[in-house]
Structures are given as structure tokens and as C-alpha cells.
Amino acid sequence: MKPKSQIVNIPVYEPGKPIEEVKRELGLSEVIKLASNENPYGASPRVKEAVLAELDNISLYPDGGAVELTAEVARFLGVEPGQIIFGCGSDEVIALICRAFLVSGDETIMADQTFSVYKSNADIEGAVSIEVPLSDGKHDLEAMLAKLSSKTKIVWICNPNNPTGTILSETELTGFLDQVPSNVMVVLDEAYFEYVTDLSYPDGSKLLSQYPNLVVLRTFSKIYGMASLRIGYGVAQPEVIQLINRVREPFNTTRAAQAAAKAALADQEYVANCRIANAEGIKQLQAEFDRLGLDYFPAHGNFIMVNVRKPAVEMFQSLLQKGIIVRAGFGKYPNHVRVTVGSEEQNKAFIHALEQVLSEDKAQV
């Protein structure tokens, strides 16, 4: 059985190592996972209530158009319902965009160290992925503009960028959008939008009327604490959403996820509290990195990418032995790990383990 030639060399996405697996492999009773940028405080209590209420409807298909949720999100963002599409996480919306717009030979532009799903989905469609090096961990917009050609279909901007956590200001972003041809789609991935406190940071949903070629992605997996329910969405002009909808499978989001998302959206006080706690966690970790003399990128999501002064894969294994799971394996940054901002106690445990590893390394020199 012969597969598509373009998928043969696509790497399989490797999610963060599960807590249960680490406990089993290493015989540990306590493990802290700071690898997948999950909300350490979980979801709003309203979300749990909404999911429990849906248990009586397990035998029923979900609303294929997510009509009620679409209306709620549209009101929240100040857009029309026809401008929204939901997916099994924003990951699926990325896949749908690629399926709807990319064909073999098209070009798509992205940073060289960003969310890997952009490239993998473009590769599946046979498109050519042009990866532009980051500049100090940040999208190099001028270099990306220089790569535009008649073959360019989509440009991907992750803001905040995953894994580096850096952001583009509204001035930087709009200056870039002003120079992108109107026939080139710009996908602005704002998965960590709700965590950002920097006042220069743009709200992509407010730019849609000015830039018809813009598509904005959001998710309920991060600050809303609903990663296991898999629901995210895209916002764009109605004609763009109609085309993406043509390649969407029916019933791609569940009843429980839709109900939970409505409940989560209604509890913005919970979101605000998580944002405040995350900002305090960033300060806590940055202060400890400064004390340890470790360089890190400015953090604007719920994670920090830090230079641990040794091969990151070795640090990953050393921390794993101490019951701490972080993320490593970022090819352009071989000595960096990405650590999720946890609760105050989780952050303390991570720093304690990190300091132990660094001390052990120093003792062996």
C-alpha cells in the first residue's frame, strides 16, 4: 500500500510525556507536568457543571454547526456568526485551512521555530514550507515579507509565538499586514491571547474588517483549561469561513465540548484570575532564572523558554528523574527547554529540581 509521497518523511507529532507513563516508568508517586502549557488551575467550576449536565445526552449527536456556541462567541468578539468556524482544537482548523487552500507546489511561509502543525499540514497537501529564522526568538517580519512570491498562499504568525513566547506589537503586525498582498492569507494564531498583559499586544479579531485576508485562531485549551475536550475556533470573513466549512467533517466537536465552551466563555472572572496568577508565576520563574544566571526569552503566554546551559534533551531526562516533565527538542535552540508556568508550588518544585541538576553538573566538572 503506497502512501502519498509527501507524508513519508513527516515526523509524527510528539505530545508532552503523560504523567501516568512517567510514574510507571520511573516508579515515582508524584510527577509535575510542565510540558504542554495546560492551565494548572483547571477549568472554571461552571465548565464542570456544564459537562456533567451533558452526560444525559451522550446518545445524541452534537449540533454540527455549533449554532448556540457560535452565537455566544460572535457576541463576545463583536463579529458575525458567519465569521466563525469551530474545530477539534484550533489544530483542526489549521488542518482545514490547509486542506481548503493549499495544493501541491503552493508556498507557505512561517517562522523556523514555531508551532510545528503549520508545516506538517502544509506538507500533507504537498505545499512548500518556507521557514524564516526567528530574530531573538521573535518573528522576523521583514525577512518574511522578502520571501513572498507569486506562489505564496498562506503566511503563519503565532502570537505569542510557541515555543519562544515572544509577541509582536499591534504596530509591528499592522505594518506587516499593510505590505502583504490581499490575495495572500495571513493566519494569526492567538492560542495564548488571553494570557498576554502587554498593552502593545494586538487583538486580531479587531483587525478583521481592515484586513479581509486575515484569519484569527483561538482555543479553549489554554487559559480556559479545557485541553482534553478539544475545541478551538477560527475567525475570518464569511466567504473564507464558507470555504473552510466545505472541507470540515460533520460533528467535529462534541456536545460536551460545546456546552463547556459556552460555560467557560461566560466566566470571564475566572479567566482574569488565571491571567493574574500566570503573570505572578512568570515573575516568580524569571526571578529564579535571574538568580541562577540563566537566559530566557520574554514570556507572554503561560510558558517560558530558558537556556539551561547544557543539551536540552539531557536536562529533560535529568528533570524527568526528579518527577518534573518539561519540553525539549527544539532544533534551533538545542540548549533551551520550554517550561509551562505552573502554580506557585509547582514552580518552586521545578526550580528546586533544576537547581539540583545544575549543581550536580557543576560538581562533575
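A cavity is here a set of points, on a 1 Å grid over the protein atoms alone, where a 1.4 Å probe fits but cannot get out, and its lining residues have an atom within 4 Å of a point. The structure is a predicted model, in which local features need pLDDT of at least 70 and side-chain atom pairs count only at pLDDT 80 or more, whereas totals for chains, interfaces and linings use all residues. Residues are numbered from 1 along each chain as its sequence is written, and side-chain values use heavy atoms, with hydrogens and water left out.

Rolling a probe the size of a water molecule over the atoms shows where empty space is left. A search of the whole structure returned two cavities of 30 Å³ or more, a volume being the space filled by probe spheres set on grid points that are joined across faces, edges and corners. The largest cavity, with a volume of about 40 Å³, is lined by Asn-39, Pro-40, Tyr-41, Tyr-195, Cys-274, Asn-278, Asn-302, Val-341 and Gly-342. This lining comprises five nonpolar, four polar and no charged residues, where Ala, Val, Leu, Ile, Met, Phe, Trp, Tyr, Cys and Pro count as nonpolar, Asp, Glu, Lys and Arg as charged, and the others, Gly among them, as polar. The second largest cavity has a volume of about 30 Å³, and its lining is formed by Ser-44, Val-47, Ile-223, Tyr-224, Ala-264, Asp-267, Tyr-270 and Val-271, of which six are nonpolar, one is polar and one is charged.

Pockets were also considered, a pocket being an open set of points with protein on both sides within 12 Å along at least five of seven lines. The second largest pocket has a volume of about 240 Å³; of its 16 lining residues, Lys-33, Glu-38, Asn-39, Pro-40 and Gln-346 are the closest to its centre. The lining of this pocket divides into six nonpolar, eight polar and two charged residues. Asn-39 and Pro-40 also belong to the lining of the largest cavity.

Helices (H or I, at least four residues) and strands (E, at least two) are DSSP runs, numbered from the N terminus. The axes, which are lines fitted to C-alpha atoms over the stretch in contact, with angles running from 0 to 180 degrees between N-to-C directions, come within 9 Å for helix α3 (residues 67-77) and helix α9 (residues 255-266) and cross at roughly 25°. Helices α3 and α9 are therefore roughly parallel to each other, a term applied to angles under 35 degrees. Their contact (heavy atoms within 4.5 Å) is made by Glu-68, Leu-69, Glu-72, Val-73 and Phe-76 of α3 and by Gln-258, Ala-261, Lys-262 and Leu-265 of α9, and has five nonpolar, one polar and three charged residues.

Helix α4 (residues 89-101) and helix α5 (residues 117-124) pack at an angle of about 35°, with their axes 9 Å apart. The α4 residues Asp-91, Ile-94, Ala-95 and Cys-98 meet Val-117, Tyr-118, Asn-121 and Ala-122 of α5, giving a contact of six nonpolar, one polar and one charged residues.

Most residues other than glycine have a negative phi, and most peptide bonds are trans. Arg-230, in the loop between β7 (214-219) and β8 (232-235), has a positive phi of about 55° although it is not a glycine. A cis peptide bond, with omega about 0°, joins Asn-159 and Pro-160, and Pro-160 lies in the loop between β5 (152-158) and α7 (170-177).

Definitions and conventions. Parallel < 35°, antiparallel > 145°, perpendicular 65-115°, else oblique.
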